[in-house]
Amino acid sequence: MKVELEADKCVASGQCVLAAMDVFDQDDDGIAILLDEQPAAEHLDGVREAVAICPAAAIRLVDQ
Amino acid sequence: MRRIVVVGASAAGLAAAETLRREGYDGTLILVGDEPHAPYDRPPLSKQVLAGEWDPERPALRTPDDLAGLGLVLRLGVAATGLRLADGTVELADGSLVPYDGLILATGVRPRRLPGQGGHVLRTLDDALRLRDRLAPGRRLVVVGAGFLGAEAAAVARRLGCDVTLLEPAPVPLAHAVGTEVGEMLTRAHLERGVDLRCGVTVTEVTESGVRLADGEPVDADEVLIAVGSLPNTDWLDGSGLTVADGVVCDEYCEAAPNVYAAGDVARWHNPLFGQSTRIEHRTNAAEQGMAAARNLLDPDGRKPFAPVPYFWSDQYDMKIQAFGCLRGHDEVAIVHGDLTERRFVAAYRTGDRVTGALAVGMPPRVIRQWRQAIAAGTNWLEAVGAREAVN
Ligand SMILES: Cc1cc2nc3c(=O)[nH]c(=O)nc-3n(C[C@H](O)[C@H](O)[C@H](O)COP(=O)(O)OP(=O)(O)OC[C@H]3O[C@@H](n4cnc5c(N)ncnc54)[C@H](O)[C@@H]3O)c2cc1C
Ligand code: SF4
């Protein structure tokens, strides 16, 4: 599974970081940063939560 | 549970539908929406879409593939017109009856209007495209209502070169929501950009040439945007037996009746974190509450109260405003980081002896996060405000 982030949609809410701290961070302006494009299985639930909760629909999890 | 119906195909309804599938529900899932479009996002409508920066397709909430993967029966372009609780059926505008075992109501709100003819509102993609087509350098736009929506639209219209008049009944815009200090800071930002902001005026009517004020004075305009708040879409629930009082009334689990839940802008539920009945029109709440409602519907024995720290953002000019918690009705505001005049600050809000809210502009995430944390934990005001020295 691969995470895709459209950073130009991000509204800096930080919801993804709360949901999956090992996968997402924010820069000083709050814009999300992808730390790990292909997170290990144990982080996938958190990523799915981030996809669902991101208020900008900026995150996708795609099958490879 | 073999048939779940979700009414309202936007942020809250989609989040509910996706959560049902993620939690393993594999029965029939019907998503009903009265708009013709696939689920799309509203916040960009008063920002990138109005500014003409985004194509109309960009606010789509999911790709067609992602949507198809949910295995939904998508009933778009058809409104729900009635609910028969006793039979467990939803009536649709095309005359069909849709039976359900579980139901999630996510029909959102619609804009309040003003007497008179014409004037724009800004709620749907079609509204945004219509208004965008009318904005061009030198056009005169009157915005009625300087709440977040009206203020965002005013900021975009200025950037497009329009002459903008912003009319607001309160003495200071948004003061009831964010306090006088922050309201005045926002006022200055609009004045500096050349918005003709007029406070303490009430618009009684939209006319052919603009609007008319309560004292009879006309304000001329080419276009009028009415941004004076919204009304929950609950008319179709009249006679259903559900309690409706400025929203569908729910308990702390977001349940309105057995196996019937509500989420998003239309839901009024009891938030145990602040001990009050609230209805919230925030994008993040729509998703979180849609998820919570779906989980509680599927797992009645493991139900969890929905107790979020509300979160809201707004973009105006170069400012990103972020607000957490419950600001309304606060007893005190303190600037706990930065400086209001530089438009880089965190304001903390006290209700009783607790920190209940925070509003930030131009601050890094790590500073903001600790305030969200303090609100979630119900931290004592003196403790939180005193503790700030350590992180400054
Ligand atoms: C222009 C604009 C800008 C915004 N900006 C921000 C922002 O910057 N930050 C923020 O936090 N929030 C913002 N919001 C608020 C945010 O968009 C809402 O909180 C969110 O859209 C609520 O989602 P919802 O699914 O509950 O309701 P809605 O998005 O209103 O969706 C409800 C859906 O149900 C449909 N419907 C209604 N009645 C029926 C019926 N009887 N049958 C079938 N379907 C029906 C509606 O047509 C609609 O498609 C903004 C809103 C607008 C309009
Ligand atoms: S949740 Fe979405 S909008 Fe919020 S910081 Fe993460 S990517 Fe950006």
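Leaving aside its neighbours within four places in sequence, which residues is Ser46(B) in contact with? They are Leu122(B), Leu149(B), Glu152(B), Ala153(B) and Val156(B), where contact means heavy atoms within 4.5 Å.

Before the details, please note that this is a predicted model, in which local features need pLDDT of at least 70, side-chain atom pairs count only at pLDDT 80 or more, and totals for chains, interfaces and linings use all residues. Residues are numbered from 1 along each chain as its sequence is written, chains are lettered from A and ligands numbered from 1 in the order in which they are written, and side-chain values use heavy atoms, with hydrogens and water left out.

**Chain B as a whole**

- Chain B contains nine helices and 26 strands; helices (H or I, at least four residues) and strands (E, at least two) are DSSP runs, numbered from the N terminus.
- Chain B is as compact as a globular protein of 392 residues, because its radius of gyration of 22 Å is close to the 21 Å that the globule rule gives.
- That radius is taken over C-alpha atoms, and the rule is 2.2 Å times the number of residues to the power 0.38.
- The C-alpha trace of chain B spans about 60 × 55 × 40 Å along its principal axes.
- In chain B, 56% of the 392 residues count as buried; buried means under 20% relative accessible area, exposed over 50%, and partly exposed in between (1.4 Å probe, protein chains only).
- Of the contacts in chain B with a separation of 6 or more, 63% are between residues 24 or more positions apart.
- Chain B carries 41 positive and 52 negative side chains, and the centres of the two sets lie 3 Å apart.
- For charges, Lys and Arg count as positive and Asp and Glu as negative, while His and the chain ends are not counted; the place of a charge is NZ of Lys, CZ of Arg, CG of Asp or CD of Glu.

**Chain A as a whole**

- Chain A has two helices and four strands, and from the N terminus on they run β-α-β-β-α-β.
- Along the principal axes, the C-alpha atoms of chain A fill a box of roughly 30 × 15 × 15 Å.
- Of the 64 residues in chain A, 50% count as buried.
- In chain A, the 4 positive and 14 negative charges have mean positions 10 Å apart.

**Buried spots in chain B**

- Ser46(B) sits in the loop between strand E2 (28-33) and helix H2 (64-68) of chain B, and it is buried, with a relative accessible area of 4%.
- Helix H3 (residues 125-134) of chain B has Leu125(B), Asp127(B), Ala128(B), Leu129(B) and Leu131(B) buried.
- The buried residues of H3(B) pack against strand E9 (140-144) and strand E15 (223-226) of chain B.
- Gly183(B) belongs to helix H6 (residues 180-192) of chain B and counts as buried at 0% relative accessibility.
- The C-alpha atoms of Gly183(B) and Asp301(B) are separated by 45 Å.

**Cysteines**

- A disulfide is a covalent bond between the sulfur atoms of two cysteines.
- How many disulfides does a search of the whole structure find over all chains? The search finds zero, taking a disulfide as a pair of cysteine sulfur atoms within 2.5 Å.
- Cys254(B) is buried at 0% relative accessibility, and its sulfur is 6.1 Å from the closest cysteine sulfur, in Cys250(B), which is too far for a bond.
- Cys54(A) also counts as buried, at 10% relative accessibility.

**Positive phi angles in loops**

- Asp246(B) is not a glycine, yet has a positive phi of about 50°.
- Asp246(B) lies in the loop between strand E16 (230-232) and strand E17 (248-249) of chain B and is partly exposed, with a relative accessible area of 41%.
- Asn259(B), a residue other than glycine, has a positive phi near 65°.
- Asn259(B) is in the loop between strand E18 (255-257) and strand E19 (260-262) of chain B, and counts as partly exposed at 32% relative accessibility.
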